[in-house]
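Hi,

Here is the structure I promised you. Have a look at it first, and then read on for what turned up.

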Amino acid sequence: MGDGRSGKPHTIYLLPSASAPVRTQSSGEIMQRDLDMPTWSGDDRASRRRSRKWLIASIAAVAVGGAGTVAALAYAHASQPAAKPAAHVPVVTQPTAVQAVAATQAFLASWAGADTTAAAQDTDQPTAAQPALQTYGLGLHTTAVSFTGVAAGTPDPAVADALRTSFKATAALGGGGSFDYTGTADVVVVDGKPLVHWAPSVLYPGLQSGQSLTYGSIPATTAKVEDRHGVVLTGKAYPSLAGVLHALQTRYAGKATRTPGRGVSITQEGGTATAKVLRVIHPAVSGTIRTTLDAGLQAAAERAVKDSHIGTMPSDVVAIDYTTGEIRAMAFRGGDAAFNGAAAPGSTMKMITSAALFDKAGLTPASSSPCVKSTVINGQTFHNFQNEMDPKADIAKDFAISCNTGFIDAATAHLHSGDLREEAQDVFGIGDWNIGVPTTDGNVPDEGGSTNQVAAQSIGQGRVTMNTLAMASVAATIADGAFHQPILVPGLAQQSAKRPITTATASALRQMMLLTATASYGTAEPRMTGINGGAKTGTAETATGTNGWFAAYDTANHLAVDALVIGGKEGVLSAGYVARDVLLAG
């Protein structure tokens with residue numbers, strides 16, 4: 001209040017308590033609020049009744065001025081809402097190195113003392129930190145956790161105003177062993193108090209939301225891979241198998257574990273999926289993964305793809321036991337096109353085209369189909385690779401000399417769009433295979449009503465793509481008279497063909513492949529001498545040249561083989577040498 005000596009008047013508003021006395025402006029006498037009755041008691045002892053519908057609040061305002069006047073102000077209508085206080089916005093700044101170290105030490109001391117509540121309070125997100133700290137201890141079955149070497153580092157660009165600290169952590173694991181690592185924490189100053197900025201990575205670097213640390217059983221990550229006779233297979237001894245062996249171990253090593261190990265892992269929420277094994281405390285005892293491969297034949301295949309007749313051209317080969325579908329060997333030079341290639345198969349496609357002509361059009365090997373120098377389909381000219389001609393040729397002769405025009409004319413006259421695709425899928429099982437490791441599927445697209453595409457795809461051009469695994473399987477289906485999906489792991493489920501190859505079709509195809517392998521005009525004859533079986537050659541035209549293909553089977557060892565040489569001018573002069581080497585070694 002003013003003391004009466006100042007030249008300026010001061011106004012002070014006082015809110016009295018329920019029993020605070022109020023002085024009247026006129027008389028200076030005291031009036032007392034009766035809390036029970038809706039009346040005011042005055043000096044004249046007269047009562048004036050007021051309505052209880054109103055709450056009357058009296059505020060005495062005393063103004064001390066030059067004239068010594070007193071003013072009284074009254075505020076009524078208590079239903080007026082009170083103003084809400086403004087939300088507090090924390091002020092965040094960067095700590096000094098000393099502050100960051102001290103805050104981290106305080107946090108770690110509480111954590112090491114198993115006081116997760118206190119540790120959480122040393123962070124900027126206590127409600128998130130406390131359950132995470134508890135989960136850490138439960139997941140690792142810790143008997144103790146300790147920290148040393150706290151040091152300040154540099155600002156963390158990912159967190160505003162944060163200074164990063166580092167520390168050494170040691171978690172003593174239940175059942176023996178320990179988990180040591182270097183941890184990090186970001187520290188910020190919030191309203192003047194240094195706090196650890198909470199994130200899952202405070203528990204372990206790189207840990208993300210929804211992940212936790214777990215100490216428990218871990219499977220083997222490696223296992224011995226053996227051939228069908230128990231010979232250990234390695235990438236060093238068989239270079240083409242390096243990727244295959246890795247894929248087998250990735251997929252099957254855990255299943256082949258004899259005794260699980262124990263270690264620390266990052267697991268996804270719920271602890272059912274292991275994202276990463278961080279530390280192996282007790283190694284698992286690895287088991288053995290048995291394959292269908294034959295080490296002796298595999299060694300021969302590794303040599304075959306480097307046959308001197310093909311120089312340094314990239315090549316690959318696959319050998320299958322045609323009675324079971326079991327893969328006996330695969331090798332490549334210049335990239336895995338054996339299992340994961342996708343190239344036009346050229347005239348080896350005529351094995352499938354012939355089957356479609358027999359099954360869907362009722363043709364036979366003896367059906368007439370003249371081999372002319374070239375044929376025109378809707379303005380597009382197709383020719384024979386070496387200008388073959390035989391006006392009296394039938395399907396069998398066209399097959400043996402690999403006449404394109406004979407097959408194109410027969411296919412466009414007797415087959416419809418989709419027939420080749422259906423034959424490849426339904427009879428030869430071309431599609432989505434699970435052989436035990438990843439592979440690229442063969443593909444015979446629907447021609448979409450295009451006669452020109454039917455013409456091109458009937459001779460393995462157009463949009464048809466295959467690899468040596470797929471074409472070896474086609475030869476195997478013909479040789480055995482049944483489709484057996486190729487597999488690399490014994491006992492793996494093999495999909496069946498939608499429609500079994502008929503006895504008549506299989507017999508007709510074997511007849512034509514035998515003619516190709518033994519007749520003087522047969523394109524495969526030079527490479528099939530001394531081999532009891534049939535074959536089909538192929539030369540596929542590409543944008544940059546040609547590729548040589550050679551598919552064959554040998555009844556003496558039940559092997560079906562397909563080989564591809566990238567850049568090979570003719571199948572018999574390139575892939576034929578690779579396939580022959582493997583068949584003779586079988």
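**A buried threonine**

Thr-539 is buried: its relative accessible area comes to 17%, and the cut-off for calling a residue buried is under 20%. Bear in mind as you read that this is a predicted model. In the secondary structure, Thr-539 belongs to strand E20, which covers residues 535-541.

What does Thr-539 touch, leaving out residues up to four places away in sequence? The list is Gly-346, Ser-347, Phe-385, Gln-461, Thr-546, Asn-547, Lys-569, Glu-570 and Gly-571. Gly-571 also comes up in another way: its backbone nitrogen is 3.4 Å from a polar atom of the Thr-539 side chain.

**A three-stranded sheet**

Next, have a look at the open sheet built from three strands, in the order E11-E13-E14, with antiparallel pairing.

For the pairing itself, E11 runs antiparallel to strand E13 (residues 261-268), and the two are joined over eight bridges. If you want a place to start on screen, find Gln-211, which stands opposite Gln-268 in E13. Helix H3 (residues 126-140) packs on this sheet and touches both E11 and E13. The direction of H3 makes about 5° with that of E11.

**Helix H10**

Which residues of helix H10 (residues 419-426) are buried? They are Asp-419, Leu-420, Glu-423, Ala-424 and Asp-426. An α-helix has 3.6 residues a turn, so residues three or four places apart point the same way. The cover over the buried residues of H10 includes helix H7 (350-361) and helix H11 (451-458).

**The whole protein**

Finally, some overall numbers to go with the picture. The protein has 14 helices and 22 strands. It has 586 residues, and 45% of them count as buried. Among contacts with a separation of 6 or more, 64% are between residues 24 or more positions apart.

Cheers

How values were computed: Residues numbered from 1 in each chain as written. Predicted model: local features only at pLDDT ≥ 70, side-chain atom pairs only at ≥ 80, totals over all residues. Heavy atoms only, no water. Pairing = 2+ DSSP bridges. Helix = DSSP H or I, 4+ residues; strand = E, 2+ residues; numbered from the N terminus. Contact = heavy atoms within 4.5 Å. Axes fitted to C-alpha atoms, helices over the stretch in contact; angles between N-to-C directions. Buried < 20%, exposed > 50% of the residue type's maximum accessible area, 1.4 Å probe, protein only. Polar contact = N/O pair within 3.5 Å; in protein donor to acceptor, adjacent residues only side chain to side chain.
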